[in-house]
Amino acid sequence: MNERDGVKVYPTVVWSAGAGCHGNCGQKLYVKDGKLIKVEGDESHPWNQGRACPRVLALKQYVYHPDRIVYPLKRVGKRGEGKFERITWDEAFDTCEARLKEIKDRFGPEAVIFCQGTGRDIGGPISFLAYNFGSPNWCQLGLSGQSCYTPRLAGMKITMGDFAVADCSQFLEKRYDDPEWEVPKVIIVWGNNPTTTDPDGFFGHWIVDCMKRGSEIISVDPRYTWLTTRAKYHLRLRPGTGGALALGMLNIIMNEGLYDKEFVEKWTYGFDELKERVQEYTPSRVAEITEVPEGLILEASRYYAKSRPAAIHWGLAIDMEPEGTSVAQAITHLWCITGNLDVPGGNVIARPSHGVTTYPYTTEELLGLYGEDLVKKLTDKRIGTKEYPLVKNFRGWAQPDMAIEQIDTGKPYPIKAAWIQTANVLGGQAARAKLHYDALKKLDFVVVVDLFHNPTTMALADIVLPAATFAEKDSFRSWWAPLGVMHKVIQVGECKSDWEINFEMAKRFNPEGVKWNSVVDLINDRLSVANRTFKEMVEKGCWEMPPDGPFKPYRRHERGLLRADGKLGFNTETGKVELWSKALETWGLDPLPRYVEPPQSPVSTPDLYEKYPLIMITGARSSLFFHSEHRMIPWLREKEMDPFVEIHPETAKKYGIYDGEWIYIKNDMGRVKRKAKITLTVKPNHIQTLHGWWMPEMKGSEPDLFGMWDYQINLLIPGPQCSSSGFGGGQYKTTLVTLEKIKEGGK
Ligand SMILES: Nc1nc2c(c(=O)[nH]1)N[C@H]1C(S)=C(S)[C@@H](COP(=O)(O)OP(=O)(O)OC[C@H]3O[C@@H](n4cnc5c(=O)[nH]c(N)nc54)[C@H](O)[C@@H]3O)O[C@H]1N2
Ligand SMILES: Nc1nc2c(c(=O)[nH]1)N[C@H]1C(S)=C(S)[C@@H](COP(=O)(O)OP(=O)(O)OC[C@H]3O[C@@H](n4cnc5c(=O)[nH]c(N)nc54)[C@H](O)[C@@H]3O)O[C@H]1N2
Ligand SMILES: [Mo]
């Protein structure tokens with residue numbers, strides 16, 4: 001901490017409210033007389049090296065926004081009437097405890113569902129609360145197929161026993177200057193727009209840093225973006241067909257002998273079986289499925305395989321394919337058979353920094369955090385474990401599509417209450433938004449923990465608890481590297497951090513199990529495997545790179561660092577990279593990757609395509625907003641006032657639509673308003689629009705719900721998910737729609 005003219009400057013790490021984000025940026029908070037006055041990127045932090053996104057730069061407007069909820073609230077009018085009254089924290093905690101205990105006594109703990117949004121700083125506190133309450137039902141409610149990162153995590157885990165990320169030197173403190181690191185000769189960027197989204201423990205501008213040092217780009221994206229226009233090869237595939245492309249690339253690389261023979265021989269299992277499977281995916285067939293010219297597929301595949309080292313950085317579009325896990329498996333095979341696994345400039349194994357667990361990504365971690373007895377007991381009742389092997393065996397999530405149907409029907413057992421924290425289920429997360437609205441209305445008791453009112457708080461909440469931003473909380477982050485901590489430097493109203501809220505509630509439900517005296521005490525316990533305390537971490541600037549060993553690259557399989565038994569090899573049953581997955585085989589699923597056509601598409605539903613001849617991609621992110629957040633922040637909103645839809649000029653002409661005209665996007669599920677943006681970024685039969693739109697400036701009470709029924713694009717996204725594993729297949733990027741002009745009077 002520095003001090004000058006009464007201004008104190010605190011370095012911290014960004015994770016969650018304020019910026020939104022999954023990132024690990026170092027930022028400096030300038031504080032005077034207990035008030036935040038400025039934010040600046042921390043140039044000494046190896047992650048972002050001084051850079052800051054627009055959302056961080058607007059942090060002051062977020063923290064001190066007049067609409068922020070700064071006290072606990074209870075609903076006083078009818079649900080949806082928008083009447084809330086200030087209460088004390090004691091009353092809020094007492095009410096939540098009494099109501100949830102009553103439901104637990106009558107219906108069992110599983111009758112309460114714990115719902116989070118994306119993995120900001122929430123997975124830790126919410127699973128902690130759910131398990132101390134005794135409920136197995138924890139998920140991203142509404143996120144169809146849990147189609148965000150979970151399928152990619154599963155695809156990697158079943159193949160290599162670990163997770164991996166593109167190596168842009170992020171595990172080395174000296175970064176690009178470290179002699180151990182090599183510049184990837186080529187980086188495939190697949191279904192991801194990193195410079196805008198910085199997703200999943202990866203800072204997007206690392207790709208640009210690599211490009212400046214010579215990396216070429218192969219881009220797999222149906223649209224043009226900043227990055228695709230700078231790529232050596234741009235494969236503009238039909239949305240949802242990446243599985244076919246990956247299998248086609250494997251076909252070319254295997255048949256032409258372009259793989260790393262030594263690595264394959266020594267470290268892989270099931271090569272011949274995979275080779276046989278990929279014969280179905282000839283370049284010409286794949287060209288037909290994906291609409292990418294065959295010559296381009298051949299050239300890009302050869303270029304990737306012949307360039308060493310080469311990395312693949314991937315994104316959300318993969319999870320949202322019908323068999324997301326299978327697509328991820330095939331892409332994992334690509335970097336494995338080309339010998340790019342855990343080598344400098346390839347795809348390196350990524351584990352929680354220093355072995356510190358904040359958030360259970362796998363059943364293994366869940367067992368480590370909560371013990372076998374509890375996890376076993378919970379698995380019996382968790383929604384979706386009987387139907388879906390990965391829901392049972394891979395990750396402790398309930399299956400979200402089944403969960404909402406169960407809430408709706410009460411079968412096979414009733415769900416009576418929801419604890420919604422860091423999720424705008426109705427305003428951003430849920431596909432089939434109307435079904436979610438109708439079903440959640442049936443609940444007896446709903447708590448929402450948030451910073452602002454939104455369609456979810458307005459329509460559903462009985463109690464609203466005010467959450468803290470990253471400047472207002474003590475927490476920790478170990479998602480890959482470095483290990484980071486956030487610490488509280490300001491207080492706003494009576495806001496509390498998610499950890500504080502859930503710690504207090506968990507203590508009430510399970511006094512013996514919650515053995516710590518405070519949140520910091522709990523954090524210290526988690527940090528103890530790293531031999532660090534929270535205080536030490538804060539004092540040394542809030543971050544630390546992992547020491548040499550299992551948590552730091554490279555070539556750990558050759559050093560016996562990956563397996564619990566200390567043997568050489570990978571953390572799988574065979575000790576090898578399983579191209580034929582033993583785990584999938586055991587769980588009764590296809591052990592090899594395969595392609596499945598999206599449920600709505602010109603191929604699978606030609607009649608529907610005739611009626612709705614446009615493939616709608618939703619949710620290509622804007623750097624100004626994080627999902628449904630930030631629409632009320634002046635500096636951000638003024639740069640993107642209205643929700644727009646990208647339409648190709650030919651298509652606009654066909655529908656008689658001019659640039660800037662308000663129109664409807666329509667399908668059998670309803671219609672939603674957008675402003676036309678005529679652009680060449682999309683193909684003629686594709687459109688693209690951002691999700692998460694609601695209007696904070698409109699009326700919040702029902703029926704308006706901040707304009708939700710007019711602007712929430714997820715009213716048009718169908719369900720349920722369609723993957724055999726239970727993970728993947730949310731139809732957010734492949735829905736068929738048409739456009740309609742809005743006639744006089746908005747009709
Ligand atoms: N159509 C379409 N829909 C999509 C997607 C898409 O691509 N297309 N993407 C999907 C994906 S990948 C995801 S992960 C989901 C994400 O969906 P969500 O994570 O639900 O995202 P938000 O809509 O921003 O809702 C987060 C809410 O939490 C609040 N919040 C933010 N930070 C904190 C915090 O630290 N503590 C607490 N208590 N509250 C906080 C915010 O104010 C906001 O109301 O959306 C999905 N929805
Ligand atoms: N600023 C900001 N950053 C964010 C978020 C945010 O809301 N705002 N959300 C966060 C979250 S939770 C997530 S999951 C990530 C998501 O971030 P990313 O993984 O980058 O995903 P998207 O932005 O959905 O889409 C990336 C690209 O995929 C392309 N695409 C669409 N359909 C397909 C397809 O079928 N195949 C292929 N290959 N490409 C396709 C789109 O055109 C788009 O350019 O971003 C995170 N970061
Ligand atoms: Mo996500």
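View 1. Strand S25 (residues 662–667) and strand S28 (residues 735–741) run antiparallel and are joined by four bridges. Tyr664 has Glu740 of S28 as its bridge partner. Strands are DSSP runs (E, at least two residues), numbered from the N terminus. Two strands pair if DSSP finds at least two bridges between them.

This is a predicted model: local features need pLDDT of at least 70, side-chain atom pairs count only at pLDDT 80 or more, and totals for chains, interfaces and linings use all residues. Residues are numbered from 1 along each chain as its sequence is written, chains are lettered from A and ligands numbered from 1 in the order written, and side-chain values use heavy atoms, without hydrogens and water.

**View 2. Six strands form a closed barrel.** The order is S23-S27-S24-S26-S25-S28, with mixed pairing. From one strand to the next, the twist averages 45°. Axes are lines fitted to C-alpha atoms, and angles run from 0 to 180 degrees between N-to-C directions.

**View 3. Polar atoms around ligand 1.** A backbone N or O atom of Thr118 lies 2.8 Å from a ligand 1 oxygen atom. Polar side-chain atoms approach ligand 1 nitrogen atoms at 3.1 Å from Thr422 and at 3.0 Å from Thr618. Each polar contact is a pair of N or O atoms within 3.5 Å. The protein covers 98% of the 910 Å² of accessible area that ligand 1 has on its own (Shrake-Rupley method, 1.4 Å probe).

Terms used: Polar contact = N/O pair within 3.5 Å; in protein donor to acceptor, adjacent residues only side chain to side chain.
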